[in-house]
Amino acid sequence: MKKIIASISYFFKGLDKLLLSLCLLTSAFGVLMVFSAKYHKMAEGALLPSEARTMIIAIALGLILALIISLIDYDIMCKLWPVWAVLSVALMILVMAIGVAPQSRPDSRVWLDLKIFFFQPSELVKIFFIITFSTHINAVKQNINKIGTIILLAIHALIPVLLVMKSGDDGSALVFIFIAIGMIFISGIDWKYIAGILVLAVAAIPVLWVKLSEFQKARFIVIFNPEKYPDTAYQQTKGLAAIGKGGFLGTGFLKGPYTQSGAVPVSESDMIFTVIAEEFGLLGGIIALLLILAIIIRIISNGRKAINIQAGLMSYGLAIMIAAQTIINVAMCLRVGPVIGITLPFFSAGGSSSLCLYIGIGLALSVYRTNYNQKPSNFRLSSIRSEFKT
């Protein structure tokens, strides 16, 4: 019995209870918003919309996995980097071969139909990439500013980016790019390389623009001229109207006219921020973003206290992923960015995104537990002999 109590005590003492509490609180807010977004379509007698139910199950399963991962030394997971690399490539090849598009996302064939639910492999590959890329950078940290090292890091980053783009998930590809650039920047790369990357990025814009389809170009054009492509701009136009309707305090839970009429397409996922802003107003939107910011700051704080560079890089990579997705999603809802199908972390409906996000949180919890276990103890030196006398 004492051993059981000791094990439970050890488990909770090394658990980052603040980070976990912030995540669960934010997820609860997210489930509430997804419930509201699909409330008008609930079947008679149903307690929850199917999207909210799926999200709750994914969060619960993700929480269990996060707690299990928190007990595993992150160094062990990093040493298994070849496994995660092979799995990443295999998953992306599989989705390109047999990927399907759910009814809610007919334009995106980036899902695997597991019969019970649809799974988006790119969400899990993001977590695998954070592990493999941090391991790569840690291995070459002494030569980080050598051109050969940077080329190999760029190839490493381009593999998932190109595979994800090939599968049709441009939004996730952009997140991978942000993660890679952010982690390389934090690793101490020379400013001349950063300037070079920026110059290449600007120079590549005309080339990339030519390769975009007319529909993809329209998504950018409507940011500046929504009247030119009203059908393409429809989702963002309605989303902005919903946000404007909310004012400062909002219309009230389940009382948003745009949300409850289903006027904003995919409001439970890509446009979930419009539901928050309409029913809880600007204040609600700020609270939602502050909760996400608090999670990011906590993860970064743990990364800064990490006992080695690899653990720190993993933490920063996870924080960058959450931050990038948040910025892209909110920019999309405010029509200062194109609609590219990126979810708002902890808020958007989706089993894959919720489950994999908590797997990532498990890595952050593992880093925290390792830091906790490595805290130096108070000690005193005595009876030291020296040939030097005063």
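Me: What makes the contact between the side chains of glutamate 51 and lysine 38 a salt bridge?

Reply: The N to O distance is 4.0 Å. A salt bridge needs a side-chain nitrogen of Lys or Arg within 4 Å of a carboxyl oxygen of Asp or Glu. So the pair of glutamate 51 and lysine 38 counts as a salt bridge. One caution on origin: this is a predicted model, where local features need pLDDT of at least 70, side-chain atom pairs count only at pLDDT 80 or more, and totals for chains, interfaces and linings use all residues. Residues are numbered from 1 along each chain as its sequence is written, and side-chain values use heavy atoms, with hydrogens and water left out.

Me: Which parts does the pair of glutamate 51 and lysine 38 tie together?

Reply: Glutamate 51 belongs to helix α3 (residues 50-70) and lysine 38 to helix α2, so the link joins parts 13 residues apart in sequence. Helices here are DSSP runs (H or I, at least four residues), as strands are (E, at least two), numbered from the N terminus.

Me: Why is lysine 38 called buried, and why is glutamate 51 called partly exposed?

Reply: Buried means under 20% relative accessible area, exposed means over 50%, and partly exposed is in between (1.4 Å probe, protein chains only). Lysine 38 has 12%, so it counts as buried. Glutamate 51 has 26%, so it counts as partly exposed.

Me: How many salt bridges does the structure hold?

Reply: There are 5. Side chains of opposite charge can pair when their charged atoms come close. One of the salt bridges joins lysine 79 and aspartate 75, at 3.4 Å from N to O. Another joins lysine 217 and glutamate 214, whose closest N and O atoms are 3.8 Å apart.

Me: Why are lysine 79 and aspartate 75 said to be separated by about one helical turn?

Reply: Because they are 4 residues apart in helix α4 (residues 74-79). Lysine 79 is exposed, at 61% relative accessible area. Aspartate 75 is partly exposed, at 30%.

Me: What about lysine 217 and glutamate 214: how far apart are they in helix α10?

Reply: They are 3 residues apart in helix α10 (residues 214-224), so again about one helical turn separates them. Lysine 217 has 15% relative accessible area and therefore counts as buried. Glutamate 214 has 57%, so it counts as exposed.

Me: Which residues make the contact of α5 with α6?

Reply: Among them are Trp81, Trp84 and Leu91 of α5, and Pro121, Phe128 and Ile131 of α6. Contact means heavy atoms within 4.5 Å.

Me: How many residues of each class are in the contact of α5 with α6?

Reply: The count is 12 nonpolar, 4 polar and no charged residues. Ala, Val, Leu, Ile, Met, Phe, Trp, Tyr, Cys and Pro count as nonpolar, Asp, Glu, Lys and Arg as charged, and the others, Gly among them, as polar.

Me: How do you know that serine 36 is buried?

Reply: Its relative accessible area is 0%, so serine 36 counts as buried. Serine 36 lies in helix α2 (residues 17-38). Not counting residues up to four places away in sequence, serine 36 touches Phe253, Leu254, Thr259, Gln260, Val275 and Glu279.

Me: And what is the case for phenylalanine 29, buried or exposed?

Reply: Buried, because the relative accessible area of phenylalanine 29 is 13%. Phenylalanine 29 is also in helix α2. Leaving aside neighbours within four places in sequence, its contacts include Ile276, Phe280 and Phe347.

Me: What is noted about phi of arginine 335?

Reply: Phi of arginine 335 is positive, about 60 degrees, although the residue is not a glycine. Arginine 335 lies in the loop between α14 (309-333) and α15 (351-373). With 18% relative accessible area, arginine 335 is buried.
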